[in-house]
Amino acid sequence: MKTSYRSILRTLGSLRLAVVILGSLAVVLAGATIYESVYGTQAAQQDIYGATWFAALLVLLAVNVAAATLLRWPWRLRHVGFVVTHAGILVILGGCLMSNQLGTIGRLVLVEGGSDNRVVLDDWVIRAAADEAQADAAEMAVGRPPRPGRTAAIDVAGRSHHVQVLRYIPDAEVRQQVVEGGPGDPAGVLVEVQAAGQSWPQWLLVDDPGPWSVRMPGFTLAAASAYTPAESTGGKGTIVAAVDGRRFRIDVAEALAGPVAVAGGEMTVRVSEYFEHARVQGRQLREDPTAPSNPVVVLEVTQGDVTETRHVFAQFGDIRAMHGAQTKIPVDLTLEHPRAATEITLVPGPDGWILYEQDGGELVQQSPMRPDEPVALGKMPMTLVLRQVLPRARTTSVVIPRQSNQGDPQPAVQVEVTGGDRPERTWLLWGRPEAVGDGGLRLVLQAREVALPFEVRLEAFEIEQYPGTARPAMFRSTVTVLDPQGSAEPVHAKIEMNRPLAYGGWSFFQNSYTTAGGRQVSILAASKDPGKWVVFLGSALLVLGTVILALQRLVPRSGRRGGGDRAPAFCGSQAARQPEAIC
Amino acid sequence: MHDNRGTTHLLIVLVLAAIWFAGSARAEGAASQLAASSSAGRAGSAGAAAMAPAVQPGGDAAASSTEGPAWAKLNVLRAQVMPVQYGGRIMPLDTLARELVREVTGKRTWDGQSPTATVLAWAWQPQAWRDEPMVLVRHPQLQEQLGMDPDRRRFSYAELTGNPRLVSMTAEAQHRRQANQPLTAEQRTALQVWERVRILDSAFQGQPLRIVPAGPADQTQTWLPVAEVEAQTGIGPEQQDHIRQQWQAMRSAFLEGRAGPFNKATVDLTGTFAAVGSPTWPAEKDLMALETIYNMARPFRIGWILTCAAMVVGLVATGWPNKWVKRLAWVLLLDGFAVLTLGIVLRWKFAGQPPLATMYESLVFMGWGAVAIGIVAMWVFKHRAAVAVVAGVATAILVVADAAPLQSTAGPLEPVLRNTAWLTIHVLTIMLGYSAFALAMGAGHVQAVALALRPGPREWTGQMGRLLYGLILAGAVFLTAGIIFGAIWASEAWSRYWGWDPKETWSLITLLGYMAVLHGRRAGWFGSFGMAVASIVCFQLVLMTYYGVNFVLGRGLHSYGFSQGGQLWVGLYVLLEVLFVLGVWGLHTQRSAGRGLQAEPDAVSASGDGREAVAEERQAPVGQ
């Protein structure tokens with residue numbers, strides 16, 4: 001019995017197993033760094049360094065080291081180096097386990113002048129609460145990056161819910177989409193707009209004022225239940241002159257006849273030229289009746305001795321002033337014209353959709369639209385193609401990977417919540433609470449947070465620079481710790497690189513900084529790690545042990561069996577071939 | 001204060017001795033003048049005016065030279081030691097000038113002139129330089145694309161700024177870089193060339209010569225070039241006029257090549273600046289001289305020349321065991337070590353920070369460590385070939401440091417590296433570990449070849465095996481300690497002692513690799529030949545940790561060391577090592593079979609039946 005126990009120990013503590021473990025650990029770690037450079041730090045932390053099998057590999061290493069040490073029992077003087085070294089490794093591994101189980105590490109984000117006690121940890125959770133006040137909250141760890149398939153039961157307000165992560169998008173955006181609707185929903189049409197060598201799809205919903213129509217200055221494209229002809233107004237429009245915030249209205253017809261005094265005679269305005277379908281040819285404006293409606297007035301504005309010519313477009317405004325040209329007379333000019341716009345209206349009928357093109361108050365064309373047949377506009381250099389028709393259309397929002405990469409990434413997870421009347425799927429965007437079920441549950445995707453038993457206030461954050469450069473020399477946060485339970489006196493401290501602050505079992509380190517709303521924001525790393533000291537103890541043992549071990553291996557030991565006339569039993573030498581060589 | 005000056009002066013004398021040893025006559029003459037002037041400075045008060053008497057003997061003789069411009073023969077030492085602010089540090093003009101000349105021309109000096117003279121001439125006579133072909137391009141494809149002669153390496157300022165294709169190509173490359181789009185090799189080179197043109201352009205305007213110190217009340221302590229002296233509000237208008245006049249006097253004396261007036265004006269101007277009372281003005285004047293001497297002497301080059309000589313003599317000693325040859329090799333190696341030590345101390349002294357922050361500095365330190373550990377190892381394990389191995393490895397490391405295009409000027413430290421002794425402790429220990437492993441790698445080559453050519457046990461290879469083993473053990477101890485020191489530092493600076501940062505992970509992989517070998521050796525899996533090969537293979541892990549993480553992976557928290565370049569050379573080295581290992585392995589197997597030996601004839605564990613050292617060791621006491 002004792003023999004078999006010993007043989008097991010011998011197998012577990014064998015050198016060959018040690019070599020295999022050391023080798024495979026090295027290979028795994030090398031793979032992990034490559035994995036990290038491909039999939040990112042968080043993925044490597046979660047999928048490799050934080051994985052159970054990786055922990056198992058380390059446990060195997062610990063077992064091997066422990067068994068090898070026990071095998072040498074009873075220990076003698078020549079075992080000192082070996083035992084101290086290997087005990088050091090065991091203590092380090094034990095300390096790591098303690099850090100892992102008992103330690104907390106996160107970030108404390110402080111705005112200059114503000115205080116906080118929330119330490120934001122690295123891992124992500126879905127936080128569930130019954131109401132907006134977040135009372136009775138429960139948390140579910142989702143991992144970082146969130147792993148699809150992870151499930152948890154969340155009990156909130158006496159009801160149990162089952163939450164499963166379905167999908168994860170590292171950087172998501174919400175897009176509105178048109179889908180088939182039900183009774184009461186308006187009709188919708190998808191047209192392809194082709195202009196200037198490009199084309200893009202555009203959904204139009206009947207009588208929609210919002211995103212499902214195109215409304216630009218001088219041009220609209222929309223679907224409507226009926227075509228309403230523009231009121232046939234005559235007139236040449238009105239010039240609006242704004243001087244020092246006061247607005248004056250000038251009839252174009254009147255100003256065409258002669259100068260009109262504005263602002264109590266401060267300046268005069270005269271229309272020298274008037275166009276309804278202006279077109280720029282070369283650098284000249286021409287009237288072209290075949291062109292789309294484009295009313296323009298050319299004005300002569302006089303103030304004192306100064307006279308200035310200004311071109312004011314009904315659709316585009318005072319063109320030169322808007323493009324930053326210097327104007328001598330301080331007056332803002334706009335032209336209001338009844339026939340400024342080109343309006344394209346698509347109207348559903350019993351025999352299909354009809355396109356009405358109206359320009360300058362007149363109906364230019366009225367054409368039926370058939371699927372995939374292009375309809376060219378009469379006045380605009382644009383073609384419309386009918387692509388899809390929905391008799392009943394409604395809009396819905398979808399969450400998709402963000403197309404443009406601007407701003408901070410916005411993670412999102414899709415979850416399925418069971419526990420209500422029926423399973424419900426919903427997307428959770430980072431930091432945005434989402435009501436699920438019959439409103440009894442609010443879920444939010446966020447980082448895990450830990451509350452400190454005291455508050456830290458950031459008095460000032462400064463970046464010291466190397467003289468004469470913008471190169472940072474030091475980052476420094478001046479903080480005050482406000483502890484209601486501890487000492488009555490607030491603790492003042494300066495935290496800089498390599499100068500952390502230790503307080504109440506926690507340590508705070510200068511980590512990074514940013515600005516928000518014009519104020520400096522200092523980001524401190526906050527950690528609480530009782531395992532640290534165990535690891536340092538183990539480290540001291542390890543260093544001491546390796547030094548002793550190396551000396552024992554290198555320094556010749558006289559008086560040992562076979563020492564005699566032979567060269568010292570150095571390892572790797574011929575002399576070391578004797579079985580008792582300790583190397 | 002007095003003690004400090006004493007050590008500085010001692011350093012100067014030591015460097016002079018080293019320079020004398022290396023026989024660099026030109027530098028010697030210059031440096032002895034400097035030492036004299038530094039003594040004069042010490043005797044005098046704070047102002048540099050006391051230096052003036054020492055400079056008269058130069059006289060106006062140089063002005064009468066007929067070859068080249070009048071200033072070509074001028075000795076500009078007084079200007080070389082002028083303090084100037086650059087990159088957040090106060091350095092002698094000499095250092096800045098070397099940086100500028102190297103940046104623009106890719107050469108250490110232009111036309112054999114002192115870089116300081118070149119840079120002063122750029123600022124004072126820019127029109128004379130516009131057509132001088134000195135801006136490095138050296139990219140035939142790019143030159144062809146730009147319609148320039150593909151056979152030339154350098155082009156003039158006028159040629160480059162007058163090339164519309166270069167201008168548009170640079171604009172496009174900048175645009176692409178801002179949009180984070182990939183650049184072609186030509187576009188990258190075009191950007192580099194344009195940067196050189198930009199540097200030259202600012203040098204033409206005297207912009208980098210920020211020699212006017214800020215007043216004592218100035219918070220930012222931004223020094224300015226003389227052209228902007230009126231913006232230096234801490235200096236009174238009269239003094240400003242004085243500065244402009246002295247600068248003008250320096251300029252005309254320089255352009256006329258008159259040494260006396262030039263030196264006088266330079267010393268006057270330096271004195272005026274010292275009187276401004278800037279808190280960033282060098283507290284110890286000798287430091288500027290020290291750095292200038294360091295620049296001129298290039299102690300690390302002297303170091304590798306000496307170790308290289310030691311290697312050659314050591315090789316002779318390996319084949320011809322003559323007592324005097326052996327001693328000569330030793331002396332050369334010890335001299336090399338002394339010069340390297342001096343260089344490191346010097347650099348530490350004038351930069352005011354441990355020279356362990358950049359790739360260049362750590363490489364130099366690794367070379368120094370190789371000699372240091374090598375000397376100890378040779379003393380413990382006597383071996384005929386040891387001097388050659390140690391000197392060879394050290395030379396290789398130092399030559400790489402000298403030849404690789406690495407930032408060799410001391411610059412300011414990143415905030416995370418400041419305020420801590422751990423930088424010194426951690427990097428020093430780690431680099432000593434790398435040094436030991438590099439030596440083991442070098443010894444491994446010799447041992448592998450020796451055993452491949454003649455397998456089987458021998459006194460020669462047995463001793464070499466012990467040396468190899470000792471080096472690997474030493475490396476493992478240093479690396480273990482270095483990793484642990486790094487962990488303690490990380491817990492002080494980054495809030496955790498271990499975070500699987502790529503650099504951390506790779507240092508652990510390296511340690512695990514050597515540990516696997518050391519344990520495998522005891523298990524009887526590696527014999528003498530196996531250890532030799534393992535020391536070469538495992539050194540590739542060191543290379544990955546040291547170079548690969550920073551230059552290939554480029555990820556993680558050790559980002560202050562990240563850079564690019566050298567992949568081709570390092571890849572070539574790794575390839576050669578692979579071929580070497582395969583070659584000796586094949587040879588060893590073949591020769592062993594031919595001699596009827598086992599492939600691993602001299603393994604530690606003779607039994608080889610699965611019983612391991614532990615079991616064997618258990619029996620040992622019984623027999624005692």
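**Entry 1: the model.** I noted before starting that this is a predicted model.

**Entry 2: a sheet in chain A.** I looked up the strand order and found an open sheet of four strands in chain A, running 4-5-27-28 with antiparallel pairing. I then asked which strands sit at the edges. They are strand 4 (151-156) and strand 28 (424-429) of chain A, and each of them pairs on one side only. From one strand to the next, the twist averages 35°.

I went on to one pair inside this sheet. Strand 5 (residues 159-169) and strand 27 (residues 412-418) of chain A are joined by seven bridges in the antiparallel sense. As an example I picked Gln164(A), whose bridge partner in strand 27 is Glu416(A).

**Entry 3: the cores.** I wrote down the background first: in soluble globular proteins, nonpolar side chains tend to be buried together. The largest nonpolar core here has 230 residues. Which of its residues touch the most other members? I found Val390(B), Ile397(B) and Leu439(B). The element that gives the most to this core is helix 18 (residues 459-493) of chain B, with 19 residues.

I listed the contacts of Val390(B), leaving aside neighbours within four places in sequence. The list is Leu333(B), Ala370(B), Val371(B), Gly374(B), Met378(B) and Leu439(B). Another core, of 24 residues, lies apart from the largest one; I found Ile154(A), Ala172(A), Ala412(A) and Val413(A) among its members.

**Entry 4: helix 18 of chain B.** Is helix 18 of chain B largely enclosed or largely open? I counted 30 of its 35 residues as buried, so helix 18 is largely enclosed by the rest of the structure. Just after this helix, Ser495(B) has a positive phi of about 80°.

**Entry 5: helix 4 of chain A.** I repeated the length check on helix 4 (residues 52-71) of chain A. At 1.5 Å a residue, its 20 residues should span 28 Å, and its end C-alpha atoms are 28 Å apart, which agrees. Its buried residues are Leu61(A), Asn64(A), Val65(A), Ala67(A), Ala68(A) and Thr69(A).

**Entry 6: cis peptide bonds.** I reminded myself that most peptide bonds are trans, and that most residues other than glycine have a negative phi. Trp73(A) and Pro74(A) are joined by a cis peptide bond, with omega about -5°. Pro74(A) sits in the loop between helix 4 and helix 5 (80-102) of chain A. The bond from Arg144(A) to Pro145(A) is also cis, with omega near -5°. I located Pro145(A) in the loop between strand 3 (138-141) and strand 4 of chain A.

**Entry 7: positive phi in chain B.** Asp111(B), which is not a glycine, has a phi near 60°. It belongs to the loop between helix 4 (93-105) and helix 5 (115-124) of chain B. Asp111(B) counts as partly exposed because it has 13 C-beta neighbours inside 10 Å.

Gln221(B) is not a glycine either, and its phi is positive at about 55°. I found Gln221(B) in the loop between helix 9 (185-204) and helix 10 (237-256) of chain B. With 21 other C-beta atoms within 10 Å, Gln221(B) is buried.

How values were computed:
Residues numbered from 1 in each chain as written. Chains lettered and ligands numbered in written order. Predicted model: local features only at pLDDT ≥ 70, side-chain atom pairs only at ≥ 80, totals over all residues. Pairing = 2+ DSSP bridges. Helix = DSSP H or I, 4+ residues; strand = E, 2+ residues; numbered from the N terminus. Axes fitted to C-alpha atoms, helices over the stretch in contact; angles between N-to-C directions. Core = buried A, V, L, I, M, F, W, Y, C linked by C-beta atoms within 7 Å. Buried ≥ 20, exposed ≤ 12 C-beta atoms within 10 Å, placed from the backbone. Contact = placed C-beta atoms within 7 Å. Expected span 1.5 Å × (residues − 1).
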